[in-house]
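Please look over the sequence and the model, then read the points below.

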Amino acid sequence: MATLGHGVDILRNARIRRILASKYCDRFVKRILHPQHELPQFQQMAMQTSKIPSFSEVCNSIDQSSSTVSLLDRKCRLLSSTFAAKEALFKSLDAEDQQTFTFKDWYRVSNSGVAASRVLLNPKYSKINGERFIWSISHDGEYTIGSVIRTELFSQ
Ligand SMILES: CC(C)(COP(=O)(O)OP(=O)(O)OC[C@H]1O[C@@H](n2cnc3c(N)ncnc32)[C@H](O)[C@@H]1OP(=O)(O)O)[C@@H](O)C(=O)NCCC(=O)NCCS
């Protein structure tokens, strides 16, 4: 299987956190996340964050503020990972396909334990049946890195 392309992207998480706190959050999220495969997960998190805790939840929580922070961190992590992966994907594409690239047409799938199953899919991409986009993500403190390797699906 020949390698057709490789893309990498490094992202400062503060950029995403700033967008999450801004009036552009909704527009950005809908531009980046796939409407069926990714957006619902994010919206579910958003609902959890905005939910007012019940009296018993507050009483049972050892540290309510830290659980709120971790929800925000999870939202930021989901968006940072998705954004970095799709920017890396963009760089792995040929120029003509970059011209029609739309973030929200793509979505990440993974089957834990199977490295080659961590792929990005887009049924609208004309060569999707002959190519595979394998993604990898890494986080360290304030930074997220996404990498995508584009390969042929079948050997010639
Ligand atoms: C063009 C783009 C790849 C540049 O990325 P960036 O985040 O501004 O900058 P980065 O530091 O991550 O990457 C820059 C490097 O990417 C590489 N690069 C630039 N354009 C590229 C392209 N079209 N394809 C692949 N690699 C590209 C170059 O090596 C560049 O470094 P260099 O200038 O030192 O050679 C970026 O604009 C992008 O990912 N766009 C996504 C698609 C998009 O936004 N479309 C708009 C319509 S929604």
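A88 is a residue of helix α5 in what is a predicted model. A88 has 26 C-beta neighbours inside 10 Å, and therefore counts as buried.

**A88 and its surroundings**

- A88 and H6 are 82 residues apart along the chain, but their C-alpha atoms are separated by 7.6 Å.
- Apart from neighbours within four places in sequence, the contacts of A88 are G7, V8, D9, G146, S147 and V148.
- One of these contacts, V148, also touches A85, L89, S92, L120, F133, I134 and W135, again without counting residues up to four places away in sequence.
- G7 is in contact with A88 and is likewise touched by V148.

**The largest nonpolar core**

- The largest nonpolar core has 18 residues, and the members that touch the most others are F83, A85, L89, L120 and V148.
- At least two residues of this core come from each of α2 (25-32), α5 and β4 (131-140).
- The biggest share comes from α5, which gives six residues.
- In soluble globular proteins, nonpolar side chains tend to be buried together.

**The ligand**

- Which residues surround the ligand? They are D9, E87, F90, K91, Q98 and F101.
- Sorted by class, this shell holds three charged residues, two nonpolar ones and one polar one.
- Helix α5, residues 64-92, gives the most to the shell, with three residues.
- D9 belongs to the surroundings of the ligand and is also a contact of A88.

**Strands β2 and β3**

- Strand β2 (residues 107-111) and strand β3 (residues 114-121) run antiparallel and are joined by four bridges.
- V109 has V119 in β3 as its bridge partner.
- R108 stands opposite L120 of β3, and L120 is also among the core members with the most contacts to other members.
- Two residues lie between the strands in the hairpin of β2 and β3, where G113 takes a positive phi near 100 degrees.

**A46 in helix α3**

- Is A46 buried or partly exposed? With 16 C-beta neighbours inside 10 Å, A46 counts as partly exposed.
- A46 lies in helix α3, which covers residues 39-50.
- The C-alpha atoms of A46 and L72 are separated by 8.4 Å, and the two residues are 26 apart along the chain.

**The chain as a whole**

- The protein chain contains six helices and five strands.
- In order from the N terminus, the elements are β-α-α-α-α-α-α-β-β-β-β.
- The chain has 156 residues, and buried residues make up 20% of them.
- Among contacts in the chain with a separation of 6 or more, 62% are between residues 24 or more positions apart.

**Confidence of the prediction**

- The protein chain has a mean pLDDT of 88, and 85% of its residues reach 70 or more.
- Of the elements in the chain, strand β1 (residues 3-12) has the highest mean pLDDT, 98.
- Helix α4 (residues 55-60) has the lowest, with a mean of 51.

Notes:
Residues are numbered from 1 along each chain as its sequence is written. This is a predicted model: local features need pLDDT of at least 70, side-chain atom pairs count only at pLDDT 80 or more; totals for chains, interfaces and linings use all residues. A residue is near a molecule or strand if its C-beta atom, placed from the backbone, lies within 6 Å of it. Ala, Val, Leu, Ile, Met, Phe, Trp, Tyr, Cys and Pro count as nonpolar, Asp, Glu, Lys and Arg as charged, and the others, Gly among them, as polar. A residue is buried if 20 or more other C-beta atoms lie within 10 Å of its own, exposed if 12 or fewer, and partly exposed in between; C-beta atoms are placed from the backbone. Two residues are in contact if their C-beta atoms, placed from the backbone, lie within 7 Å. A nonpolar core is a set of buried Ala, Val, Leu, Ile, Met, Phe, Trp, Tyr and Cys residues joined through C-beta atoms within 7 Å. Two strands pair if DSSP finds at least two bridges between them. pLDDT is the predictor's confidence in each residue, from 0 to 100.
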